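Subject: Structure handover

Hi,

Here is the structure I promised to pass on. My notes follow below it.

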Amino acid sequence: MDQNYTPPGRISRFFEKWPLLVLFALGWPALMLAVSALADVLTPYAINATDLRNRLHSPMGFGGSVLHPFGTDELGRDVMTRLIFSIRMSVAIAFVAAIISAVIGTAVGLIAAHFRGVVEDMMMALADVGSSLPFMIIALAVLAIFGSNLFLLVCLMGLSGWERYARLTRGLTISAKEQGYARAVRQLGASPARVYLVHILPNIGGTLLVTMTLTFPEVILLETGLSFLGLGVQPPASSLGNMIGFGRQYLHTAPWILLAPSAVVVLTTPSISTVGDWLRDRMDPTLH
Amino acid sequence: MTDLLVAENLVRHYAVRLPGGLFGRQAVLKALDGVSFSLRRGRIVGESGCGKSTTAGLSIDLIPPTSGRTLLDGEPIAGTDDARWRRQRRDMQMVFQDPLSALDRRIPVGRQVMEPLLIHGLGDRAEREARARAVLGNVGLQPHHFDRYPHELSGGQRQRVVLARALTLNPSVLVCDEPVSALDVSIQAQVLNLLERLQAEFDLAYLFISHDLKVVRQISHDVAVMYLGRIVEQGPPKRLFEQPEHPYTRMLVDAVPAVLGGGRRFRRRIQPRGEPPNPIDVPTGCPFRPRCPLAQQLCMAERPTLERLPDGQLVACHAAHGRIPGPLARTA
């Protein structure tokens, strides 16, 4: 031990437990959630209130005024208001879709790992089909045929990443089944359901959680892409992608319309991945 | 007295692919090739790779046998997930070689000891906890260990937790698959003493599987020696260790370093020769023939069966039964 060792102070101990990056990564999604929850209170204008005399108004600090801190768009709608509602819409869609795909994928993976043999082959063939179809084109086709509505959009995106969870769960479960603890619990007389849900799932949960935090930003990007193409969230409702899509035409004259939602997407993606990594470490009792 | 656990002609073959990649030849690995035993307090020893752990798995039906069956209290052990299978789980428990991997590292050990009761729906929460605390006390753990995670305990403590979990349901048979070989020698002694104490206290029968002759000699009442998936010699430990009949047993016993002046000083030692053959390609006749100093023509032609000597010792060796000459042959 160092001769001049002094025990770490309260502040440095705090930062050891909660690194700055993690604090930021936790803070950003928390802010987004808070903003989504309080959208109705926070927004000074209605989402589709136009102000034609103040069209393409610059944001505050770039020649704009306090009235429209993030500027206005081509119809004089307040960008901040639209951004807040867009965050709510995109976060809700991405959250539900990520959970749908995690549940489907994990279930399929567990079924494959439990039955093995023909069932496993069928399930994995299904996963192969899922991953070999270009999702964007399927989504475009489905949305073009049935028309875009929110429910269909969420379901479609829930079906987008499930095969990743299925493969992961299958592999992890098969190897976990061969490990001592699963066999030990099995020979105690436990039902397979108990072995899977009480023992194997929590043990492989860390990896699944990290996968989920990696796919969550992808889902946001997917929604953004679909909305950008005009097949996602339809006006008058707005989402991050739909804002970017419509803001594209004003990229040269009013870049803030597009930059505001883009910045949100860019910040969200890494912060959620960081949170996932950190959560996995925190949830592992052997690591602290 | 009926035997608690009877194994009848257990066979377990594995299909394996020989080296050669995609075009490798299919072959059959005879991990276990007709093992029968009955258990009051039995032990199995043998060189590694002879099928000891397979015997453990088969005898409590963790691994389905290729043929043969095991009886518990005169009732065949069910391989399926039905009510009888679950009931039989309560009577026979297994203790594993590596206690850390046998425990779920995410669950405090106290809850893992309560789990068998939960699985079989016994007692309410308070009763389960009281039972778990009592069993943990029985295996010599302190009350504060109840909320610890497996990785926070030492190897010996973990093995005690595994034992406690096995004992929670008051089983009559405990299958111990190398329970002390992963532990330090000092801890080994503690766990062995504990096993002996528990045996007396709860009237347990152990199927104790080990490669460690000293451990086997200390704890067993009846010893079976396995070679390449078969039992080659079986008898009480004193007889087996002091007067081994099978050349393989003799080789194992001679491999244990003895203090000068021990009972075996006048006998010529048999040096271990060679490696056990590939279990995929077992030699014809007696499987021990290529390594045996006594091997004759007969050993190549005919596989010796496990037969009883006049004093009750079971041996599978032509020389021991006097069919070929040898320094180990008994003059009856």
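The crossing of helices H2(A) and H12(A) is left-handed. This is a predicted model, so please read everything here as computed from it.

**Chain A: H2 and H12**

H2 of chain A covers residues 20-37, and H12 of chain A covers residues 256-283. Their axes come within 8 Å. The crossing angle is roughly 120 degrees. H2(A) and H12(A) are therefore oblique to each other. On the H2(A) side, the contact is made by A:Leu21, A:Val22, A:Phe24, A:Ala25, A:Leu26, A:Trp28, A:Pro29 and A:Met32. H12(A) brings A:Val264, A:Leu267, A:Thr268, A:Ser271, A:Ile272, A:Thr274, A:Val275 and A:Trp278. By class, the contact of H2(A) with H12(A) has 13 nonpolar and three polar residues. It has no charged residues.

**Chain A: H5 and H8**

H5 (residues 117-132) and H8 (residues 162-177) of chain A also pack, with axes that come within 8 Å. They cross at roughly 145 degrees. The crossing of H5(A) and H8(A) is left-handed. From H5(A), the contact takes in A:Glu120, A:Met124, A:Leu126, A:Ala127, A:Asp128, A:Gly130 and A:Ser131. From H8(A), the residues are A:Trp162, A:Glu163, A:Ala166, A:Arg167, A:Arg170 and A:Ile174. What is the class make-up of the contact of H5(A) with H8(A)? It has six nonpolar, two polar and five charged residues.

**Chain A: Leu140**

A:Leu140 sits in helix H6 of chain A, residues 135-146. Its relative accessible area is 26%, so A:Leu140 is partly exposed. Not counting residues up to four places away in sequence, A:Leu140 touches A:Leu226, A:Leu229 and A:Leu231. A:Pro235 is 95 residues from A:Leu140 in sequence. The C-alpha atoms of A:Leu140 and A:Pro235 are 17 Å apart.

**Chain B: overview**

Chain B has 332 residues, and 50% of them are buried. It has 11 helices and 12 strands. Take the contacts in chain B with a separation of 6 or more: residues 24 or more positions apart account for 62% of them.

**Chain B: H6 and H7**

H6 (residues 155-167) and H7 (residues 185-202) of chain B pack at an angle of about 20 degrees. Their axes are 10 Å apart. Are H6(B) and H7(B) parallel or antiparallel? They are roughly parallel, because the angle is under the 35 degrees that sets the limit. H6(B) passes H7(B) in a right-handed crossing. H6(B) makes the contact through B:Gly156, B:Gln159, B:Arg160, B:Leu163 and B:Leu167. H7(B) answers with B:Ile187, B:Gln190, B:Val191, B:Leu194, B:Leu195 and B:Leu198. By class, the contact of H6(B) with H7(B) has seven nonpolar, three polar and one charged residues.

B:His151 is in the loop between helix H5 (125-138) and H6 of chain B. It counts as partly exposed, at 26% relative accessibility. B:Arg105 is 46 residues away from B:His151 along the chain. Their C-alpha atoms are separated by 6.8 Å.

B:Asn170 lies in the loop between H6 and strand E7 (173-177) of chain B. Phi of B:Asn170 is near 55 degrees, a positive value in a residue other than glycine. B:Asn170 has a relative accessible area of 48% and is partly exposed.

B:Asp203 lies in the loop between H7 and strand E8 (205-210) of chain B. Its phi is near 55 degrees, again positive in a residue other than glycine. Is B:Asp203 buried or exposed? At 57% relative accessibility, B:Asp203 counts as exposed, because the cut-off is over 50%.

**Chain B: His318**

B:His318 is in the segment after strand E12 (314-315) of chain B. B:His318 is buried, because its relative accessibility is 2% and the limit is under 20%. Its side chain reaches the backbone oxygen of B:Glu302 at 2.9 Å. Leaving aside neighbours within four places in sequence, B:His318 is in contact with B:Leu298, B:Cys299, B:Glu302, B:Arg303, B:Pro304, B:Arg323 and B:Ile324.

Best wishes

Definitions and conventions. Residues are numbered from 1 along each chain as its sequence is written. Chains are lettered from A and ligands numbered from 1 in the order in which they are written. This is a predicted model: local features need pLDDT of at least 70, side-chain atom pairs count only at pLDDT 80 or more; totals for chains, interfaces and linings use all residues. Side-chain values use heavy atoms; hydrogens and water are left out. Axes are lines fitted to C-alpha atoms, for helices over the stretch in contact, and angles run from 0 to 180 degrees between N-to-C directions. Helices (H or I, at least four residues) and strands (E, at least two) are DSSP runs, numbered from the N terminus. Angles under 35 degrees count as roughly parallel, over 145 as roughly antiparallel, 65 to 115 as roughly perpendicular and the rest as oblique. A crossing is left-handed if the near helix is turned anticlockwise from the far one by less than a right angle, and right-handed if clockwise. Contact means heavy atoms within 4.5 Å. Ala, Val, Leu, Ile, Met, Phe, Trp, Tyr, Cys and Pro count as nonpolar, Asp, Glu, Lys and Arg as charged, and the others, Gly among them, as polar. Buried means under 20% relative accessible area, exposed over 50%, partly exposed in between (1.4 Å probe, protein chains only). A polar contact is a pair of N or O atoms within 3.5 Å; within protein, one must be able to donate a hydrogen and the other to accept it, and residues adjacent in sequence count only if both atoms are side-chain atoms.
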